[in-house]
Amino acid sequence: MPTKKPKPKVHLPDRDDGGSVVLERLTQRTKPPQMFQVLMLNDDFTPMEFVVVVLQEFFSKDREAATQIMLQIHLDGKGVCGVYSKDVAATKVDQVMDAARKSGHPLQCVAEPIE
């Protein structure tokens, strides 16, 4: 019968006094992505109906919700169209600005980070 060779002892620096290996699990928490609100700004030239259509088309609002947001834009000077991640918000702004330009309206749309 062959003799077993003794295993070499491995020095593990993180041992407690009882000879056990102590492992510390570090939990990594990822932060949720920075969110941005897409705002439309009021102007005196863009027709209200165009704003309602844009809200329906690009922000998936029903007619009633789109009308409420349009009125908020009209009365308060700006209105929140939706809250998205940075890339999605930038895409929404580009879509609105492109549609407004193609229709000859000066409608402005911006994305602002939410604190």
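The questions and answers below concern this predicted model.

Student: In what order do the strands of the open sheet stand, and in what sense do they pair?

Tutor: Strands of a sheet pair through backbone hydrogen bonds, either parallel or antiparallel. Here 3 strands form an open sheet, and the pairing is antiparallel. The order is β2-β1-β3.

Student: Which strands stand at the edges of this sheet, and why?

Tutor: A strand with a single partner has one side left without a neighbour in the sheet, so it stands at an edge. From one strand to the next, the twist averages 25°. The strands with a single partner each are β2, residues 78–85, and β3.

Student: Over how many bridges do β1 and β2 pair?

Tutor: Strand β1 comprises residues 35–41 and pairs with β2 in the antiparallel sense. One of the bridges joins Met 40 to its partner in β2, Gly 79. The pairing of β1 and β2 extends over 7 bridges.

Student: Which strands does helix α3 touch?

Tutor: Helix α3, residues 86–103, packs on the sheet, and its direction makes about 135° with that of β2. Another helix, α2 (residues 63–76), lies across β1 and β2 and runs at about 125° to β2. The strands touched by α3 are β1, β2 and β3.

Student: Is Glu 112 buried, partly exposed or exposed?

Tutor: Glu 112 belongs to strand β3, which covers residues 108–113. Buried would require under 20% relative accessible area, and exposed over 50%. Because its relative accessibility is 31%, Glu 112 counts as partly exposed.

Student: What kind of aromatic pair do Phe 59 and Tyr 84 form?

Tutor: A pair of aromatic rings is described by the distance of the centres and the angle of the planes. For Phe 59 and Tyr 84, these are 6.3 Å and 40°. Planes under 30 degrees apart would count as stacked, and over 60 as edge-to-face. The pair is therefore tilted.

Student: Where in the chain do Phe 59 and Tyr 84 lie?

Tutor: Both residues are buried, and Lys 92 lies over the face of Phe 59, at 5.7 Å from the ring centre. The two paired residues are 25 residues apart. Phe 59 lies in helix α1 (residues 48–59), and Tyr 84 in strand β2.

Key: Residues are numbered from 1 along each chain as its sequence is written. This is a predicted model: local features need pLDDT of at least 70, side-chain atom pairs count only at pLDDT 80 or more; totals for chains, interfaces and linings use all residues. Side-chain values use heavy atoms; hydrogens and water are left out. Helices (H or I, at least four residues) and strands (E, at least two) are DSSP runs, numbered from the N terminus. Buried means under 20% relative accessible area, exposed over 50%, partly exposed in between (1.4 Å probe, protein chains only). Two strands pair if DSSP finds at least two bridges between them. Axes are lines fitted to C-alpha atoms, for helices over the stretch in contact, and angles run from 0 to 180 degrees between N-to-C directions. Contact means heavy atoms within 4.5 Å. Rings of Phe, Tyr and Trp (its six-membered ring) pair if their centres lie within 6.5 Å; planes under 30 degrees apart count as stacked, over 60 as edge-to-face and the rest as tilted. A charge sits over a ring if NZ of Lys or CZ of Arg is within 6 Å of the ring centre and within 35 degrees of the ring normal.
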